[in-house]
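Subject: A structure for you to look at

Hi,

Here is the structure I said I would pass on. Have a look at it first, then read my notes below.

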Amino acid sequence: MTELKPLEWLKHAITHPFEGFEDMRWKKAGSLKIAFFIVFLLFISQIAEERLYGFQFYISYDKIFNIVPFIMKSVVIFAAWTIGNRAVCTFLDGEGTLRNICIYSAYAFVPYIAQSFINTLLSHILIRDEFVFMEAIRITGVCWTIMLLFSAVKAVHQYSFKQTIFAAIFTVAAMLIMLFLLVLFMSLIQQIYLFISTVYMEISYRLRS
Amino acid sequence: MIKKIIAAYISAACIMSGMLAVTAYAEPYEVYNYDRWNDPIPSQAGYTAERSVSGNNLGAGKMNSPSDIFYGADGLFYIVDSGNNRIIAVDENFTKAVKIYDSFIMPDGSETSLKTPMGIFISADNNMYIADSENSRVLVSDTDGNIIKEITKPESEIFDQKRTFTPLRVIADKAGNVYVVLNNITTGVAMFAPDGEFMGFYGANRVQPTSEIISDHLAGLFMSEEKRARRVRNVPSGVTSFDIDGDFIFTCTSSSTQTTDTVKKLNAAGNNIFANMELNFGDYTPVYDTTRNKLLAPSIVDIDIAEDGNINCLDFTTGRIFQYDEDCNLLFITGTIAKQVGGFDHAAALESHGDKLYVADSMKNTVTIFTETDFGAVVHKASALHNGGYYDEALEPWREVLRRDGNYRRANLGVALALLRQGDYQGAMKYAKLANAGSVYDKAFEGYRMELIRENFGTFVLAAAIIAAAAAIIRRKLKKQGDSRSKKY
């Protein structure tokens with residue numbers, strides 16, 4: 001194995017689904033900067049799919065633009081995956097650090113991002129009868145990403161095949177629990193805010209009268 | 001001084017009357033339509049309330065809860081005055097009652113009267129079909145009041161004998177088959193042969209596949225027989241009203257909880273042509289009424305097919321008439337719940353003739369007449385041309401509609417289709433986008449792409465060649481780099 005630059009490592013990891021991440025781990029390679037940039041691209045690709053798609057395939061409601069759902073769909077989900085995986089795998093004898101989980105998972109998302117940009121572009125060139133090509137690209141991208149993600153978890157924690165499957169299932173469960181708690185917490189904060197503001201209003205009315 | 005006061009008085013009166021003249025054309029509600037995202041937006045009225053006619057205006061005495069109205073081939077309107085057990089025939093201009101039917105002569109010479117008649121239909125050969133609800137019969141009579149035939153509760157195995165026979169609406173097709181909407185029958189419309197023999201049910205609604213029904217079904221698999229027998233049964237809502245247009249029967253269902261099969265277009269075999277189309281009748285989102293603290297889900301109580309093929313649906317909850325063209329594109333929304341002329345209390349029945357709509361209100365005991373506005377006339381002209389297949393001829397009227405209301409979705413669609421037909425693909429794409437018509441856009445885009453490739457074929461080939469050459473050069477360079485690197489290590 002030769003010395004590679006960070007971007008070459010990225011290429012290596014993506015094009016070698018079985019040993020790419022193992023090599024990266026061996027060489028302690030991987031850049032957090034690139035990982036964050038990939039997550040940013042994921043965010044952009046989500047917006048592109050919603051807003052820049054060809055009109056013959058998808059009609060978006062473009063009266064309003066709300067950025068929060070896109071952040072939720074990309075950054076928050078990714079963060080939940082990373083933290084959830086870290087939380088679960090410390091229990092399951094995983095060796096990965098938070099930094100490495102973040103980097104490897106982000107690298108694994110590249111095929112998915114690529115397919116969504118390619119499809120956004122193709123949706124302006126193809127017609128509905130040719131949708132099957134876009135579907136093929138999408139399925140390829142998604143499957144590739146799933147494979148890479150699996151390989152990433154396997155490499156970063158030095159798991160066996162079976163352990164990785166368990167870890168993935170538990171991670172998804174952990175993500176759901178975290179998101180649930182987040183929603184609960186949000187609504188609780190809102191309730192508290194409402195309570196305080198009502199009390200304040202009540203007092204202010206009484207003082208005035 | 002007095003002169004001055006009089007002058008002021010007169011001028012004030014003039015201004016007032018001027019205002020009245022203006023308000024006479026304004027509706028007692030805000031006219032709206034749905035834009036391309038199915039959001040309500042202000043629009044122009046397609047119909048304006050001309051006047052409302054009571055029984056006294058017609059010289060027939062006060063009406064008592066009129067429940068149906070029908071325009072016959074003989075040029076007369078027939079109003080079913082349910083509370084007074086009579087049928088009123090009114091002339092075409094709706095000025096006076098021509099004839100009042102309160103009793104009929106049976107074939108054996110005896111006299112019979114109606115009891116809460118609910119529906120009426122006049123066939124092309126001038127036979128009256130009356131749904132005489134509380135007498136549990138359907139009467140077929142000529143226009144002189146001589147009964148030709150009487151249809152009563154069928155003694156058939158298909159007809160559940162425990163159920164009552166309460167006809168609410170009746171129509172007949174060209175062959176003389178009689179279709180009857182029955183109260184509390186959910187298996188469809190009862191169909192009778194021309195000789196009065198019961199032929200079975202026609203066009204039943206489907207049960208709406210909600211999650212509740214699916215879970216009920218799953219739970220039912222584990223229930224005992226006794227428990228299963230006591231369960232609430234999942235039955236579809238019965239048909240509320242119908243109308244016939246040539247070979248097709250259109251039915252409507254007023255259940256406010258059901259959203260499938262609210263409006264159906266049935267062919268002779270009883271198959272619903274609208275079944276697999278994603279159509280919505282009535283308001284898209286239930287309107288929240290703040291004054292009554294109520295969600296107003298649409299409840300379509302009557303349907304009428306106009307002579308030009310437009311579908312008029314009367315929504316009882318909001319008192320609105322939704323007019324659709326043949327392809328179920330929304331054209332106009334008219335009416336409201338209000339005391340003024342143009343508003344309803346208890347909208348019961350709807351009929352159309354020419355450029356007018358007639359709505360019977362069974363609480364106000366009136367018939368309200370709506371006339372087409374200028375805007376409505378343009379839309380109807382364009383729509384009729386379009387439905388007739390004259391897309392090119394419809395282009396100019398549709399453009400006229402857009403000049404009057406730039407948000408009118410149907411007009412954008414019409415222009416898009418016309419331009420597509422003419423081969424102006426870019427224009428068609430633009431208007432298809434404005435109408436949110438993805439499939440039309442797809443067709444236009446296909447043509448546009450073909451045109452583009454055909455015109456710039458040379459450029460495309462050149463571009464492809466350049467890209468291929470560039471790729472080859474880069475590849476060779478990379479290979480060289482790789483070779484030199486592998487030599488190093």
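This is a predicted model: local features need pLDDT of at least 70, side-chain atom pairs count only at pLDDT 80 or more; totals for chains, interfaces and linings use all residues.

What is the mean pLDDT of chain B, and what share of its residues reach 70 or more? The mean for chain B comes out at 87, and 93% of its residues get to 70 or more. One stretch to treat separately is residues 14–24 of chain B, where pLDDT stays under 50. For those residues the model has zero contacts beyond four places in sequence. As for scores on the model itself, ipTM is 0.81 and pTM is 0.81.

Now chain A. Going along the sequence, you'll read the pattern α-α-α-α-α-α-α-α: there are eight helices and zero strands. How does its radius of gyration come out against that of a compact globule of 209 residues? Such a globule would be near 17 Å, but chain A has 22 Å. If you'd like dimensions, the C-alpha trace of chain A spans about 80 × 50 × 30 Å along its principal axes. Of the 209 residues in chain A, 31% are buried. I also looked at contacts in chain A between residues at least 6 apart in sequence, and 73% of these join residues at least 24 apart.

Chain B has a sheet for you to find. It is an open one with three strands, in the order S18-S19-S20 (chain B), and the pairing is antiparallel. Zoom in on strand S19 (residues 248–252) of chain B and you'll see four bridges linking it in the antiparallel sense to S20(B).

Last, the place where the chains meet. Nine residues of chain B are in contact with eight residues of chain A. Which helix gives the largest share of the chain B side? That would be helix H9 (residues 438–455) of chain B, with five residues. By type, the residues on the chain B side that touches chain A are four nonpolar, two polar and three charged.

Happy browsing!

How values were computed:
Residues are numbered from 1 along each chain as its sequence is written. Chains are lettered from A and ligands numbered from 1 in the order in which they are written. Two strands pair if DSSP finds at least two bridges between them. Helices (H or I, at least four residues) and strands (E, at least two) are DSSP runs, numbered from the N terminus. Two residues are in contact if their C-beta atoms, placed from the backbone, lie within 7 Å. Ala, Val, Leu, Ile, Met, Phe, Trp, Tyr, Cys and Pro count as nonpolar, Asp, Glu, Lys and Arg as charged, and the others, Gly among them, as polar. The radius of gyration is taken over C-alpha atoms; the globule rule is 2.2 Å times the number of residues to the power 0.38. A residue is buried if 20 or more other C-beta atoms lie within 10 Å of its own, exposed if 12 or fewer, and partly exposed in between; C-beta atoms are placed from the backbone. pLDDT is the predictor's confidence in each residue, from 0 to 100.
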